[in-house]
Structure formats: structure tokens, C-alpha cells
Amino acid sequence: DLDFINNMTHELKTPVSTIKLATEMLMDRNVPREGMERYMQIILDENHRLGDQIERVLQIAKIEKSEAKLKVEELNVHEVLTEVMEHALLNIEQNNGELAFDFKSGQPVIEADKVHLTNIFYNLLDNAVKYTPKLPKIKVWTEEAENGILISVEDNGIGMSKDVQKNIFDKFYRVPTGNLHNVKGFGLGLSYVKLITEAHGGNIQVQS
């Protein structure tokens with residue numbers, strides 16, 4: 001639909017124009033050579049982001065058509081979470097925040113697709129930091145559920161209204177953040193998380 005096209009075009013154009021700008025700076029003979037590395041890093045980062053966005057759109061399209069084949073194996077949720085948290089910690093520390101965890105589940109081994117499960121955890125932690133403008137205190141914990149494992153991610157961020165909570169898992173929905181302009185991204189993160197969670201036979205909910 002038109003919303004899909006508009007959102008996608010906008011989000012793909014942004015990194016493309018940033019790459020163009022950084023490339024022009026590299027080609028500008030008046031730019032001091034010692035500043036070059038910064039522009040090369042920007043090009044690399046934006047290129048990576050562009051690839052991620054395209055890949056995510058393809059994954060969602062496949063999952064919605066039920067063509068995505070999950071590569072399921074036995075995985076220890078605690079091990080996957082630990083790996084993701086190590087990466088997320090850098091971002092949290094840059095914002096002078098803290099990351100706490102409490103693994104209470106005695107049955108952390110599940111059948112899941114490692115790439116997708118890792119993506120889910122990245123998305124949830126990334127969102128927690130994104131919507132916590134000051135001193136993020138993020139907590140991750142697990143506990144045993146009736147038919148599996150319950151994984152929770154909690155932040156001390158801006159919170160959300162009932163309306164936002166209703167729409168949070170819709171494709172391309174972005175939380176209206178008022179004057180908070182540092183939130184970049186597709187609005188695809190949580191719809192992807194929901195699709196993948198349900199593809200694994202699980203479910204997801206939000207509380208504020």
C-alpha cells in the first residue's frame with residue numbers, strides 16, 4: 001500500500017543521501033586528509049544500515065507469505081541473551097546507563113532459529129535504549145512459563161499511552177516522540193519481533 005511505499009522510500013533515501021554527502025566530502029580536495037577516516041566510517045555504517053533495512057523488508061515479506069524457513073536448533077536462551085547484552089552494553093554505557101539481568105528460568109533450552117532469535121533480542125534492547133533519553137536502566141530477566149520460557153526486557157524510558165500500546169506491533173508504526181528526534185529507524189523492529197515470535201509458536205505483549 002501507499003504507506004508502505006512512502007515509509008520505505010523515506011527510510012532508504014536517508015542512508016543513501018548520507019553516503020552521497022560523505023563521498024562528496026572524501027572527493028573534496030579542500031577537506032583535510034586527517035578527517036577522511038570519519039567519512040569512511042560513516043559510509044560503512046550507513047551502508048550497513050541500508051543492507052539491514054533491505055534485509056528486514058525481505059524477511060517480513062517472506063514471513064507474511066509463510067515462505068520463511070526457520071533454521072531451528074536447540075538453543076540456550078541465556079547464552080544468546082548474554083551475547084546480545086555484551087554488544088548492547090556499549091551503547092548503554094555511552095548513555096551512562098546500566099544493564100542488569102536475572103536469569104531465573106531453569107529450562108532455558110528451546111528450539112529456535114539463532115539468527116532470528118538474536119535479532120529479536122537486539123531489537124528489544126535497542127528499543128529500550130532508544131526510548132530512554134537519559135541514563136537508561138535496562139533490566140533483562142527470564143522465568144519459567146507454563147509452556148516454555150518468559151523473557152522480559154524493562155526500561156525506565158518515556159513510557160507509552162494506551163493508543164501507542166495498541167499499535168506498537170503494527171508494521172511501520174513509529175511511536176510519536178514529540179521533540180525527541182534522535183529516534184531513527186524503520187518502525188519495522190517490533191512488527192518483525194512479533195512475526196518471528198509467533199513463527200516460533202510464542203507470543204509477545206507490552207506493559208507500560
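Trainee: Is Asn-96 buried or exposed?

Mentor: This is a predicted model in which local features need pLDDT of at least 70 and side-chain atom pairs count only at pLDDT 80 or more, while totals for chains, interfaces and linings use all residues. Residues are numbered from 1 along each chain as its sequence is written, and side-chain values use heavy atoms, leaving out hydrogens and water. Buried means under 20% relative accessible area, exposed over 50% and partly exposed in between (1.4 Å probe, protein chains only). With a relative accessible area of 60%, Asn-96 is exposed.

Trainee: What value is phi of Asn-96 near?

Mentor: Asn-96 is in the loop between helix 3 and strand 2 (98-103). Helices (H or I, at least four residues) and strands (E, at least two) are DSSP runs, numbered from the N terminus. Most residues other than glycine have a negative phi. Asn-96 is not glycine, yet its phi is positive, near 55°.

Trainee: And what value is phi of Leu-135 near?

Mentor: The loop between helix 4 and strand 4 holds Leu-135, which is exposed at a relative accessible area of 53%. Its phi is also positive in a residue other than glycine, near 40°.

Trainee: Why does Thr-142 count as buried, and at what relative accessibility?

Mentor: Thr-142 belongs to strand 4. Leaving aside residues up to four places away in sequence, Thr-142 touches His-78, Leu-81, Phe-103 and Ile-149, among others, where contact means heavy atoms within 4.5 Å. Thr-142 counts as buried because its relative accessibility is 0%.

Trainee: How far from a polar atom of the Thr-142 side chain does the backbone nitrogen of Ser-105 lie?

Mentor: Ser-105 is one of the residues that Thr-142 touches. The polar atom is in the side chain of Thr-142, and its distance from the backbone nitrogen of Ser-105 is 3.3 Å.

Trainee: How far apart are the ring centres of Phe-101 and Phe-103?

Mentor: A search of the whole structure finds one aromatic pair. Its rings, those of Phe-101 and Phe-103, have planes at 40°, so the pair is tilted. Rings of Phe, Tyr and Trp (its six-membered ring) pair if their centres lie within 6.5 Å, with planes under 30 degrees apart counted as stacked, over 60 as edge-to-face and the rest as tilted. For Phe-101 and Phe-103, the centres are separated by 4.9 Å.

Trainee: What distance separates the C-alpha atoms of Ile-168 and Lys-194?

Mentor: Ile-168 is in the loop between helix 5 (162-167) and helix 6, and counts as buried at 8% relative accessibility. Ile-168 and Lys-194 are 26 residues apart along the chain, and their C-alpha atoms are separated by 9.9 Å.

Trainee: What share of the 208 residues in the protein is buried?

Mentor: The secondary structure comes to six helices and five strands. Along the sequence, the pattern is α-α-β-α-β-β-α-β-β-α-α. Of the 208 residues, the buried share is 33%.

Notes:
A polar contact is a pair of N or O atoms within 3.5 Å; within protein, one must be able to donate a hydrogen and the other to accept it, and residues adjacent in sequence count only if both atoms are side-chain atoms.
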